[in-house]
Amino acid sequence: MSILVYIRNVGGTIKKQSLELCSYAKAMSDKLNLQVVGLVIGEIDQAELETLGKYGMSKILLAGDAQYNKRVNRVYTQIAEQAVNATNASYILFPDNNQGKAIAPRLSVRLKAGFVPQVMDLPESYDPFIVSKRAFTGKALASVQVKTERKIMTPMLNSFGLREAPVDLKIETFAPQIDEPVSRLEIIDKQTNTEGINLADADIVVSGGRGLKAAENFALLEELAQSIGAATACSRPVADDGWRPADEHVGQTGKSIAPNIYFAVGISGAIQHVAGVSGSKCIVAINSDADAPIFEVADYGLVGDAFKIVPELSALFRQFMADK
Ligand code: FAD
């Protein structure tokens with residue numbers, strides 16, 4: 001028996017969220033005495049895979065054929081199912097992102113396994129198996145009991161954190177049998193925003209709302225973000241008005257993120273916005289209106305004019321980083 005962890009292969013690299021999943025699985029394996037096995041699909045460097053051993057993964061199944069470089073959810077689900085059977089996995093972990101959301105439910109149907117998305121912490125108990133998940137767009141936690149023999153979960157980013165636990169790692173080639181064409185569609189062009197830090201993986205996010213008044217004023221936030229190595233985000237109207245790129249929009253209808261620190265600058269804190277950021281470990285709000293709803297969810301609040309506070313903060317952070 002094992003705990004199988006799907007490792008997201010991002011163009012030949014492994015991101016923090018996968019290392020966190022390893023840490024999560026290792027903590028489970030310490031309780032259950034099960035081996036932590038990773039499934040990696042697509043071409044990737046051996047050196048990149050070896051980082052997984054630092055976080056408690058003792059074996060990797062590598063389906064590294066170049067034909068799998070393009071993610072096709074239907075095919076990845078088949079590969080995951082075969083990996084579950086090959087490792088006799090009773091717990092299967094995916095990241096709580098677009099890949100996990102696309103593959104984990106398909107796999108749960110194929111395996112008739114209980115599936116818990118948006119997991120917030122380690123299981124509360126193993127027998128019976130109970131785990132807590134985000135509910136009502138983050139306003140509540142639900143404790144869920146999974147009764148099937150196999151259990152699939154998608155722990156959220158930053159729900160557990162990174163914990164080093166070095167073990168010897170064995171990498172095995174895995175050759176799945178795929179009984180249909182791998183690709184029915186061909187992507188002929190793709191434009192990726194490669195500037196800045198990826199929002200989904202960022203530890204710190206600096207986000208702006210309509211309180212910044214105009215697109216050009218977001219230079220202030222970019223400056224703040226650069227001073228602390230943060231990614232930038234925004235509220236929906238800001239993206240709708242074209243002040244910021246659409247892929248920065250967070251909230252109920254945008255990205256759902258859970259960084260360690262979320263700066264909300266000139267954002268009122270509407271329920272639909274908070275839905276996408278309430279998983280953040282610490283929310284810092286800067287708003288000129290002391291009654292703005294964002295202060296109800298903020299851990300730290302600064303009441304005042306963002307145009308005055310933000311440049312001062314950037315200068316302080318730059319100084320702090322230089323003194324470190
Ligand atoms: P505002 O509500 O206009 O707030 C601006 C804030 O800036 C105010 O609190 C003001 O006090 C402050 N401010 C003004 N000047 C300054 C200054 N100089 N310094 C500091 N602060 C200042 N919104 C999202 O963000 N994400 C979503 O995913 C989303 N999904 C939605 C889905 C639906 C179905 C609906 C109906 C709405 C959705 N919305 C979403 C919109 C949401 O309801 C709010 O309208 C939106 O979040 C407000 O954006 P804002 O906070 O930037 O602007």
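Predicted model: local features only at pLDDT ≥ 70, side-chain atom pairs only at ≥ 80, totals over all residues.
Residues are numbered from 1 along each chain as its sequence is written, and side-chain values use heavy atoms, with hydrogens and water left out.

Let's start with a sheet. Strands of a sheet pair through backbone hydrogen bonds, either parallel or antiparallel. Here, five strands make an open sheet with parallel pairing, in the order β14-β13-β15-β16-β17. (Strands are DSSP runs of E with at least two residues, helices are runs of H or I with at least four, and both are numbered from the N terminus; two strands pair if DSSP finds at least two bridges between them.) β14 (231–234) and β17 (300–303) each have a single partner strand, so one side of each is left without a neighbour in the sheet. From one strand to the next, the twist averages 15 degrees.

β16 (residues 282–287) pairs with β17 over four bridges, in the parallel sense, and isoleucine 286 has leucine 302 in β17 as its bridge partner. Helix α5 (residues 218–228) packs on the sheet, touching β13 (204–208), β14 and β15 (261–265); contact means heavy atoms within 4.5 Å. The direction of α5 makes about 170 degrees with that of β13 (axes are lines fitted to C-alpha atoms, for helices over the stretch in contact, and angles run from 0 to 180 degrees between N-to-C directions).

For an antiparallel pair, look at β9 (residues 129–135) and β10 (residues 140–146), joined by seven bridges. Lysine 133 is bridged to alanine 142 in β10. The two strands form a hairpin with four residues between them, and phenylalanine 136 in the turn has a positive phi of about 50 degrees.

The structure holds one cavity of 30 Å³ or more. The largest cavity has about 50 Å³ of space, a volume being the space filled by probe spheres set on the points, which are joined across faces, edges and corners. Its lining residues include Gln17, Tyr24, Pro155 and Phe160, and helix α1 (residues 16–32) gives the largest share of that lining, four residues.

Note on methods
1 Å grid on protein atoms, 1.4 Å probe; cavity = no way out; pocket = protein on both sides within 12 Å on 5 of 7 lines; lining within 4 Å.
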